[in-house]
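Here is a short report on one protein chain. Look at the structure first, then read on.

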Amino acid sequence: MPLVLFQPDIPQNAGAILRLGACLDTAVHIIHPCGFILDDRRLRRAGLDYAERAVLVEHADWETYLAAPERGRLVALSARGGTPHTAFAFRPGDALLLGPETRGLPEHARAAGDAVVR
């Protein structure tokens, strides 16, 4: 299940997600623009030694990500989602979309998801 960060705001959180991706052996996609400079120093601090093992895929913008041919079913994670995560049937290959920490997923990103889960 790839982890997809939509315009992340906080480098430490992005680094923690990279660490999670490395531990789970799944790719982490970052959709620009970020609210910080995406560099090794900022991510490595939060990602610890795991960050260098992570698979990081960058996308210039939302449209570029949506056009990616390898993209699977997009599951948006949002407090505004209608389906509780415990009632949703996740499938292998689902991409989990996370919004910016300070403002959450915008409506257009939630609407582009194949499902919106809270």
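H29 sits in strand β2. Strands here are DSSP runs of E with at least two residues, helices are runs of H or I with at least four residues, and both are numbered from the N terminus. H29 is buried, because its relative accessibility is 9%. The cut-offs are these: buried means under 20% relative accessible area, exposed means over 50%, and partly exposed lies in between, with a 1.4 Å probe and protein chains only.

The side chains of H29 and H59 are joined by a polar contact of 2.8 Å. Such a contact is a pair of N or O atoms within 3.5 Å; within protein, one must be able to donate a hydrogen and the other to accept it, and residues adjacent in sequence count only if both atoms are side-chain atoms. Beyond its neighbours within four places in sequence, H29 is in contact (heavy atoms within 4.5 Å) with P2, L3, V4, L5, V57, H59, Y65 and E70.

## Basis of the model

The model is predicted: local features need pLDDT of at least 70, side-chain atom pairs count only at pLDDT 80 or more, and totals for chains, interfaces and linings use all residues. Residues are numbered from 1 along each chain as its sequence is written, and side-chain values use heavy atoms, with hydrogens and water left out.

## The sheet

Six strands form an open sheet with parallel pairing, in the order β3-β2-β1-β5-β4-β6. β3 (56-59) and β6 (115-117) stand at the edges with a single partner strand each, so one side of each has no neighbour in the sheet. On average, neighbouring strands are turned by 25° against each other, direction ignored. For such angles, axes are lines fitted to C-alpha atoms, for helices over the stretch in contact, and angles run from 0 to 180 degrees between N-to-C directions. Two strands count as paired if DSSP finds at least two bridges between them. Strands of a sheet pair through backbone hydrogen bonds, either parallel or antiparallel.

β1 (residues 3-6) has L3 and L5 pointing one way, and V4 and F6 the other way. All four of these residues are buried. β1 pairs with β2 (residues 28-31) in the parallel sense over four bridges, and V4 stands opposite H29 there. β1 also pairs with β5 (residues 95-98) in the parallel sense, over three bridges. In β5, L96 is the bridge partner of L3. β4 and β5 pair in the parallel sense over three bridges too, with V75 opposite L96.

## Helix α1

A16 is found in α1. A16 is partly exposed, with a relative accessible area of 27%. From A16 to A87 the C-alpha distance is 26 Å, and the two are 71 residues apart in sequence.

## Salt bridges

The structure holds three salt bridges. Each is a side-chain nitrogen of Lys or Arg within 4 Å of a carboxyl oxygen of Asp or Glu. In one, D9 meets R103, with the closest N and O atoms 3.1 Å apart. D9 lies in the loop between β1 and α1 and R103 in the loop between β5 and α4 (107-112), so the pair ties together parts 94 residues apart in sequence. D9 is buried, at 17% relative accessibility.

R73 forms a salt bridge with D94 at 2.8 Å between the closest N and O atoms. R73 is in the loop between α3 (62-66) and β4 (74-77), and D94 is in the loop between β4 and β5, so this pair ties together parts 21 residues apart in sequence. D94 is buried, with a relative accessible area of 1%. E107 and R110 also meet through their side chains, at 2.7 Å from N to O. They are three residues apart in helix α4, so about one helical turn separates them.

## Backbone features

The peptide bond from H32 to P33 is cis, with omega near 5°. P33 lies in the loop between β2 and α2 (40-47).

Q7 is not a glycine, yet its phi is positive, about 45°. Q7 lies in the loop between β1 and α1. D25, in the loop between α1 and β2, has a positive phi near 55°. Is each of the two buried or exposed? Q7 is buried, with a relative accessible area of 17%, whereas D25 is exposed at 71% relative accessibility.
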